[in-house]
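Biologist: I would like to learn how to read a few features of a model. Please take them one at a time.

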Amino acid sequence: MILAGGKGTRLWPVSRENYPKFFLRIASETSLLQSAVSRGVKLAGAKNVFIVSNAEYRFLLRDHLKEGGIDFPLENILAEPVGKNTAAAIALGLRAITARAEAKNADPSIFVFPADHLIKDEAKFIAALKKAEEAAGEEYITALGIKPYRAETGYGYIKAGGKLSPKGLSAYAAKADGGRVIGTVPNTAGRAVEKFVEKPSAAKAEKFLKSGRYFWNAGIFVAAASVFSGEFEKNSPGIWRGFQEWDGKNFDKLGGFYKKLPSISFDYAVMEKTKKAAVVVYDGSWNDLGGWDSVYEVTKKDKKGNACRGDVISLDSENNLVYSITGKTVSLIGVKDLRIASTDDALLIMAEGRSQDVKRAVEKLKGREELVNHIKVRRPWGSFKTLERADNYKVKVIEMLPGRSLSLQKHSKRSEEWLVLTGKVEVELNGKIHKLNENGRIKIPRGAPHRLTNNCRKTAKILEIAHGSYIEEDDIVRLDDDFGRV
């Protein structure tokens, strides 16, 4: 179960609310999400990997994975009606997975990990997950504790206790000989969790590092489905009750109770309360990329310690990060220890060590488009890029993927005009079909039902000019939609 949530604030301005961190390629040729899914496939097989994410991302996730060469089944993307933190997300994924397992009378092991971590030592990581599965057996929820190498104040910690007692069977013994009980084995892979600790002060973090008993809490968990379910029911019955009444299949019936669930973490809902918490230590490469200092840490550097992505010229500068996704040239002259992130519509410049303060800048951006979307906005049917806007008009280029359609829609406060730049499209307007070739154009009156479709094999580009008293994207009434957004 891969958790693909979050609002993209810690790596702003490159990540946005509608383009979170897991879509990014950092220190790798593949995105964080593509890498996470690849690990899941190696661990459990393609049919047994599930992604829990916002309903708005469902088709974007599938297309993004396909760009990375992964043909991911749409039915394995489990859509949250609204974002509700990890407790609700894991409960949703758990119920959906167990609903499928019930038909086979199975109690599978479930591995839960975030979509946005960078893990370079994949084989070692998968081996650690299998050790965690062994430690979990049929009675524990095992967390993967990351062995710390610095006194970090930005992570929560897990304090490990003694080795687990040999109660019952390990997961592997229970599966032996067709599942028949053949004896007991000591559970030596894991240790009991003594307690979970919130993000510490610098002084406490130093003590944790020296003690050797504290490990970073990565939000990675392993347990049998029945143990997850039982501990949800015991420790957070208010969350689990609604899922017990849901069949795990009909997502249209999920929204009613899901929106009322508390937005709390799985740690708070279950792990800090359960008496069945265990931990297995992972001492390989891991980074949660929780800020621009972390990105600098994992990015290849030149002889002066500069880590650069994009067109960068450096003179007498050292230990800087430049992460640019624009076509602009960035020139550094006589500066050091800066973290610079550049997009088409925003620029972040900060000092080393101030990563945790990005959220303060983001707070000041509430209500602004730069927090939510890039200039190029992705949609299930393709994307659009705003070229120019004013109070009463907006000009943008629409890129329509082959075989995709806009929703059948109408606008109450604006009219539109479409000009085909490349390709061939069909426009449904007031129930009539108009076929447009390159350089063809059509006017869409205010209030008229209309839909744009690309039935060709190549992406089509359309120039759109919107004009009216209100030109924001929420002036829309969807009458029909291929992506379930009506």
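**Reading exposure, a helix and salt bridges**

Modeller: Ile 333 is exposed, at 57% relative accessible area; buried means under 20%, exposed over 50% and partly exposed in between (1.4 Å probe, protein chains only). This is a predicted model, in which local features need pLDDT of at least 70, side-chain atom pairs count only at pLDDT 80 or more, and totals for chains, interfaces and linings use all residues. Residues are numbered from 1 along each chain as its sequence is written, and side-chain values use heavy atoms, with hydrogens and water left out.

Biologist: What span should helix α4 have?

Modeller: Helices (H or I, at least four residues) and strands (E, at least two) are DSSP runs, numbered from the N terminus. The expected span is 1.5 Å times one less than the number of residues. For the 15 residues of α4 (residues 122-136) that gives 21 Å, and the end C-alpha atoms are 21 Å apart, which agrees. Gly 137, with a positive phi near 50 degrees, follows α4.

Biologist: How many salt bridges are there?

Modeller: Side chains of opposite charge can pair when their charged atoms come close. The rule asks for a side-chain nitrogen of Lys or Arg within 4 Å of a carboxyl oxygen of Asp or Glu, and the count is 30.

Biologist: Which parts does the pair of Arg 404 and Asp 63 tie together?

Modeller: Arg 404 and Asp 63 form a salt bridge at 3.0 Å, N to O. Arg 404 lies in the loop between β18 (393-400) and β19 (408-410) and Asp 63 in helix α2 (residues 58-67), so the pair joins parts 341 residues apart in sequence. Both residues are buried.
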